[in-house]
Amino acid sequence: MTPERPRPAVPTATYRLQLQPAFPFAAAEAAVPYLASLGVSHLHLSPVLEAVPGSTHGYDVVDHARVRGELGGEDGLRALARTAHAHGLGLVVDIVPNHMAMSPRHNRALWEVLREGPASPYARWFDIDWEAQGGRLLLPVLGGPLGQELEHLRPDGNVLRYHDHEFPLREGTEKLPLLQLLDAQWYRPAWWRLARTDLNYRRFFSISELIGVRVEDPEVFAATHDKILGLVREGVVDGLRIDHPDGLADPDGYLARLDEATGGRWTVVEKILSDGEHLPGSWPVAGTTGYDALRHIDGIFTDPVGADELTLRYRKFATPQADLGGQWEPTVRRAAYTVLAHELAAESDRLARTADRLVAASPDASLRDRAPWAVAAALRELLVRLDVYRPYASGDAARVVTEEAAREARSAFTVPEEADAVDAVRGLLLGPATPELQEIRTRFAQTASALRAKSVEDSAFYRYAPLLSATEVGGSPGSPAVSPADFHAYCGRVQRDWPATGVVVSTHDTKRSADVRAALAVLTECPERWAELLAELSRDATDVPDGQLAWAAWQTVFGLGPASADRVRDALLKHVREAGLHTTWTEQDPAYEEAVAAFVAHGPCGAPGERVAELRRRLEPHVRANVLGTALTHLTMPGVPDLYQGTEAEYRALVDPDNRRPVDFPPDDPGEKGAVTAAALRLRARRPDAFGSAATYEALPAEGAAAEHCVAFARSGRVVTAVTRLSLRLVDAGGWRDTVLPLPPGRWADVLSPEREFAGSVPLANLFAPLPVALLERVDEGDGAGAA
């Protein structure tokens, strides 16, 4: 066997593998030699613990004590680790502390709770409101009202069966008549529609199949983390990615406990930061998984003027919700109201009952008289006005639940006398910390994070579609462009505060891969051409379901390029269901959905779609510039880049499950992007002094007429990255002309074309002659080589 090579404590770059039964540990092990040669330092594995059988993602955990058998079990994971370590690669594992699968037949801890009720030692595991539903856990599994489904409920020994579901029977109830038997259990099978209003357990967002776990309880933390922490202590696992910490009751406490238990191993959190929001500085983590970086990378390849023009054209073409005026913020606000009233109605009701109980117990007589509806309304009006996911104990909640938000919330009341309920509720959230107030603060924060995710990521992103590349996790569709100055400022902050944070451009959760988004960004450089093409297509189309769908569909095929009609249709059906304007996941309109499928087949994926393909072919040089620029920026900016499987070559994918399709190792045709990726990764591995936590970052401004079209920076005075931005606008303006890039002192070799060297001020026409990007390494290590 090859002697094991040392693994860095902090990754230089990670490579994400989506494990599933069709791609188990053995398949990952077979890919190790190739991935090691690529230049990454760690494999980043999707969840490895036991999940619902057949799961293609692994986030539906059922047993924290076992490594997933369908992937090869613990022996398979250890074999993968041995091979990876022998090739100098570490393992980073994705863990899921917030929730488990609501699948009693597979989740034995949940099974025991259903059998024994709140007296079960496992009852403390799950976030269940036992005071609701008569002390029984509501199970929204029935296909219709109970009376219509009784014939399908069948006691069988000590279990109750319903189609593929199994539930335990409480001891001594086996021989009771069915209705009496149902009344005697610690759970209540119910019509799935009742999950909206009657559910009495915390979920992951609004997914009733995932039940919240109380890892704030030290015993629950220990039980649910023992296996993973054992693998960390033994050196099988080298780092962690934490899924959805916003759902936890106490993210601060959880991360502190985890950091102590792992001995400070490299850990990143899936935290979505809004514009202007910063990760709590007290969190003992390396940083986020990188969506904040994605937003800044995409932003520099988006033309701000063109994005505004594209939005105007979108409003004229698509006529989106006239009462909202096709505006981003009102779209988010409307979606938030809808989500609270429907998908999160049960969570909203539980939060309101908690607040009303506290208000009623207030020593202030004027507050005790607040009507329950006013308290609920105050919570609703404050929640919909949050512009971040949630407040934290480590931050100042007043910066989240602001006085401005409270003032707006008060103005929303039609009965002015009840508006001071806003102040009562805000006082509960912001006043001195007491044990009595902890529950409402926790519930408010958890509800806020679920609301933000559902109303923004899963609703507004699909209702507001001027530029689909901007509707991405962590994105800001209302202002998608980022100036080079803002990009450099962001990178400087990252290098200073979070130098080992994650950096991503494609993940299993991105709605479109980076290469699809890079193509779409070109449309901001030619909004008139795009609008004129759609006007032509509309004149020929007779089966357009609605303008918004048509706009999104044409952009989808432009960004994706040649693809099967099935892929496009499935993504667009998900699009319209998430948007919820004409059809939804739970209230499907078959006629509308059939019209969508027919339109996709005859329009975007039919003969008219060829005209969109022709426009893309004409714009291909500019798509190429964005694809390569995005890739090189991602791999050389501050932080630890994470490559999603297959993205070392050009990778075009839509929302999951499209982005979970198997990939080839190595890719069939890595092309230019593959060469740029491999060169950058190998340089990172060879020059940790230029990219690590002690490195420096310096913006390098170009000089000349086209200076705004170059983004360049130096890392520790040893490596220079330069990329072309807005290349179509550049061509229209006359090209690079006299524009130069002044390099730091020394001689610089072109890593992508080693025969070329530069020094001093380099004409950009020469620097970007072979490729629209350049990666330079200093080849003289004399005085000043380390200066930034």
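The model is predicted, so local features need pLDDT of at least 70, side-chain atom pairs count only at pLDDT 80 or more, and totals for chains, interfaces and linings use all residues. Residues are numbered from 1 along each chain as its sequence is written, and side-chain values use heavy atoms, with hydrogens and water left out. Helices (H or I, at least four residues) and strands (E, at least two) are DSSP runs, numbered from the N terminus.

- Strand S2 (residues 42–45) runs parallel to S5, joined by 4 bridges; two strands pair if DSSP finds at least two bridges between them.
- His42 has Gly90 as its bridge partner in S5.
- S14 (residues 239–242) also pairs with S5 in the parallel sense, over 4 bridges, and Asp94 has Arg241 as its bridge partner there.

**The antiparallel sheet**
- Here 6 strands form an open sheet, in the order S19-S20-S21-S26-S23-S24.
- Its edge strands are S19 (697–699) and S24 (757–758), each pairing on one side only.
- S21 (residues 719–724) and S26 (residues 773–778) run antiparallel with 5 bridges, and Ala722 has Ala774 as its bridge partner in S26.

**Helices across that sheet**
- H18 (residues 484–497) lies across S19 and S20 (710–715), at about 20° to S20.
- H25 (residues 620–636) lies across S20, S21 and S26, at about 155° to S21.
- These angles run from 0 to 180 degrees between N-to-C directions, with axes fitted to C-alpha atoms, for helices over the stretch in contact (heavy atoms within 4.5 Å).
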